[in-house]
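User: I would like to go through this model with you. Could we begin with how the helices pack?

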Amino acid sequence: MKITVREEEERDYRRSEEIIREAFSYPGRIERGGIGCPSEHWMVHELRKRDGAGIRLVAEADGVPAGYVACSRAQILVGDTDALPVVNIGPIGVLPEYQRKGIGKALFHAVLERAAETGWGAVMFFGRPEYCPQLGFVEAGTYGVSDRFGEISPAFLCRELKEGYLSAARGGRFFDSDIYDEKRHREEIRTFDRQFAAEEANGAREAR
Ligand SMILES: CC(C)(COP(=O)(O)OP(=O)(O)OC[C@H]1O[C@@H](n2cnc3c(N)ncnc32)[C@H](O)[C@@H]1OP(=O)(O)O)[C@@H](O)C(=O)NCCC(=O)NCCS
């Protein structure tokens with residue numbers, strides 16, 4: 001299987017959202033989100049309008065779009081005044097039938113490359129701790145950074161892109177875009193998801 005990663009184009013928009021919706025519809029995820037539907041496809045949609053970091057990538061497997069990632073702008077607030085910009089990775093997802101074949105890794109590598117090329121100093125995000133060692137991510141707590149509530153956790157990850165960039169972040173708190181707050185946007189997300197659910201239902205009906 002040949003994996004290629006490229007910039008998202010307008011013709012990909014809907015498919016990218018579908019990929020992310022499917023990737024995040026795994027058992028238990030929707031229940032945990034607590035709003036009755038996945039929310040990450042709405043985040044993808046919203047990131048094109050605001051808070052994006054200019055990194056939106058599609059992964060193809062033998063020419064078929066199978067994975068997607070978008071990034072957003074975030075910052076670490078240190079003390080009362082200093083804000084250190086960082087790039088936040090996510091949502092990132094791979095269609096269930098294509099998972100564990102290296103597509104996720106290819107997307108992460110491409111994000112790190114693009115972010116470094118465009119001058120970002122570090123990436124910081126909430127993700128899967130399984131990725132830590134292979135991709136050079138470490139817990140953000142290693143650099144003395146906590147989330148906006150002052151907490152650290154194994155899922156709160158980061159990687160410097162410029163050596164020493166995060167040394168100025170010690171004692172800081174991480175603030176990401178409010179698009180990741182699914183409870184706050186629950187009504188918008190539900191309305192957005194209804195189109196996908198209706199299309200899915202139509203597709204299932206036609207297939208019968
Ligand atoms: C997480 C996700 C993007 C990974 O994509 P993927 O294409 O399956 O990942 P890869 O095949 O590139 O795997 C990369 C490495 O991550 C680790 N990994 C990936 N999925 C894992 C899992 N479910 N459990 C444990 N380790 C896992 C493995 O160590 C793997 O390395 P290996 O090839 O040496 O085993 C994909 O599983 C997905 O879309 N999940 C649902 C959405 C999600 O949770 N996204 C948030 C991610 S922060």
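**Helix packing, ligand shell and core**

Analyst: In this predicted model, the axes of helix α3 (residues 40-47) and helix α6 (residues 186-207) come within 9 Å and cross at roughly 100°. Because angles of 65 to 115 degrees count as roughly perpendicular, α3 is roughly perpendicular to α6.

User: Which residues in α3 and α6 meet?

Analyst: From α3, the residues are His41, Trp42 and His45. They meet Glu188, Ile189, Phe192, Asp193 and Phe196 in α6.

User: And how do the residues of that contact divide into nonpolar, polar and charged?

Analyst: The contact of α3 with α6 has four nonpolar, two polar and two charged residues.

User: Turning to the ligand, how many residues surround it, and which are the closest?

Analyst: The ligand is surrounded by 18 residues, and the closest are Gln99, Gly104, Lys105, Gly127 and Glu130. Both β4 (82-94) and α4 (103-117) supply at least two residues each to this shell. By class, the shell around the ligand has seven nonpolar, six polar and five charged residues.

User: What about the largest nonpolar core?

Analyst: That core has 52 residues. Val69, Leu107, Val111, Val123, Met124 and Cys158 have the most contacts inside it.

User: Which elements give two or more residues to this core?

Analyst: They are the helices α1 (13-23), α3 and α4, together with the strands β2 (52-61), β3 (64-78), β4, β5 (122-126) and β7 (156-160).

User: What does methionine 124 touch?

Analyst: Leaving aside residues up to four places away in sequence, methionine 124 touches Ala74, Val86, Asn88, Ala140, Cys158 and Phe174.

Note on methods. Residues are numbered from 1 along each chain as its sequence is written. This is a predicted model: local features need pLDDT of at least 70, side-chain atom pairs count only at pLDDT 80 or more; totals for chains, interfaces and linings use all residues. Axes are lines fitted to C-alpha atoms, for helices over the stretch in contact, and angles run from 0 to 180 degrees between N-to-C directions. Helices (H or I, at least four residues) and strands (E, at least two) are DSSP runs, numbered from the N terminus. Angles under 35 degrees count as roughly parallel, over 145 as roughly antiparallel, 65 to 115 as roughly perpendicular and the rest as oblique. Two residues are in contact if their C-beta atoms, placed from the backbone, lie within 7 Å. Ala, Val, Leu, Ile, Met, Phe, Trp, Tyr, Cys and Pro count as nonpolar, Asp, Glu, Lys and Arg as charged, and the others, Gly among them, as polar. A residue is near a molecule or strand if its C-beta atom, placed from the backbone, lies within 6 Å of it. A nonpolar core is a set of buried Ala, Val, Leu, Ile, Met, Phe, Trp, Tyr and Cys residues joined through C-beta atoms within 7 Å. A residue is buried if 20 or more other C-beta atoms lie within 10 Å of its own, exposed if 12 or fewer, and partly exposed in between; C-beta atoms are placed from the backbone.
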